[in-house]
Amino acid sequence: MDNLWIAALKPVDRKRLEPHLHETQFRQGDLIYDVGQAVDEVWFPVAGVVSLMTVLPEDRLVETAAIGREGLVGVTCGPLNARAASRAIAQIAGSAFCCPAEVFSDALAESESMRVALAKFTEGLFAQVQQTAACNAQHRLDERLARWLLTLHDRADAARFDLTQADIAGMLGVRRATVSEVGSALENRKLIKRGRGWVEVLDRPALESAACGCYHSIRGVMKDLRLPLPKPPKD
Ligand SMILES: [Zn+2]
C-alpha cells in the first residue's frame, strides 16, 4: 500500500520527505482539521478517504472534495500554514503518512519538480471542487449519490465500506429521509446493497452509467494533468 502522489515524485524529492514521515491511523469520523485551524501537518493517505467539507454559517455542511491515496491533505486551503478554510474529516477509516508542514514547505522551496507536482495536484483538486459545486446545484440527487459512491469506491479497499445514512446525508447536504429514498432506488436496480452502517457496490459499470457526467469530467482533468488516478478494488 502506498501513497500515489509520493510514489510519482522523483526519487530525489521522495528522499526530501521520507525521513520525516510517520504513519498515523484514522477512524471514520475523525476530525483532521477544522475551519480556522492552523494546519501544521501534511497528510498523505495510503488507505481510506478524507472529505473536505465546506461549513455554512448555520452549521450545515456539504462535501466539496474527497481525497484518498492519490493525493495529500493539508495544503489545499491556501498557502502553507494558513488557517484552514474547510473542515477535513475521515470518511472511510484508513491510514496516512504525515510530515510537519514546515518540512513540506522547505522541500517545496528547494525543489522545482516538487512545486510542479503540488501545482498539478491542486489544479486537479480545484477541478474537483468546481465540478462538485456545479453538480450539487444542478444534478439530480440519484446521479449525485452514484457519483459520490464511485468516488469513495475508487479509494476504498473493498467493494463494501462503512457508511451510514447520516454520513451520506451530511456529504450531499440533504435530509436523511431523502437519502433513504434515493438509496432504495439504486438498491432496487441492484447497483448497490446497503446494510446497517455500510454500503456495497454490486454493479460498478451500471453505477457509472447511473452517475452524472461529473465523475468522468473530474477524472478527465486528472488524466490530462497526468495525475495518479485512484482505482476501485478488484473484488
Ligand atoms: Zn454531477
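Residues are numbered from 1 along each chain as its sequence is written. Because the model is predicted, local features need pLDDT of at least 70 and side-chain atom pairs count only at pLDDT 80 or more, whereas totals for chains, interfaces and linings use all residues.

The protein chain is divided into domain 1 (4–134) and domain 2 (138–224), with bounds that come from an automatic or database domain assignment. Between the C-alpha centres of domain 1 and domain 2 the separation is 23 Å. Domain 1 brings 19 residues to the contact and domain 2 brings 16 residues; two residues are in contact if their C-beta atoms, placed from the backbone, lie within 7 Å. On the side of domain 1 that touches domain 2, two or more residues come from each of β3, β4, β5 (87–100) and α4 (112–138). Helices (H or I, at least four residues) and strands (E, at least two) are DSSP runs, numbered from the N terminus. The most is given by α4, with five residues. By type, this side of domain 1 has nine nonpolar, seven polar and three charged residues; Ala, Val, Leu, Ile, Met, Phe, Trp, Tyr, Cys and Pro count as nonpolar, Asp, Glu, Lys and Arg as charged, and the others, Gly among them, as polar.

Strands β3 (residues 41–55) and β4 (residues 61–67) pair in the antiparallel sense over six bridges, where pairing requires that DSSP finds at least two bridges between the strands. Within this pair, L52 stands opposite A65 in β4. The hairpin has five residues between the strands, and D59 takes a positive phi near 70° there.

Helix α7 (residues 176–188) has 13 residues and spans 18 Å from its first C-alpha to its last, close to the expected 18 Å, which is 1.5 Å times one less than its number of residues. Its buried residues are V179, V182, G183 and L186 (20 or more other C-beta atoms within 10 Å of the residue's own; exposed, 12 or fewer; partly exposed, in between; C-beta atoms are placed from the backbone). Seen down the axis of α7, the buried residues fall within an arc of 105°, so they line one face of the helix; the arc is that of the directions from the helix axis to the C-beta atoms. They pack against α5 (141–155), α6 (165–172), β7 (192–195) and α8 (204–210). The face turned away from the buried side carries the exposed residues A177, E181, S184 and N188. Just after α7, K190 takes a positive phi of about 60°.

V221 lies in helix α9 (residues 214–224) and is partly exposed, with 18 other C-beta atoms within 10 Å. Leaving aside neighbours within four places in sequence, V221 is in contact with G124 and A127.
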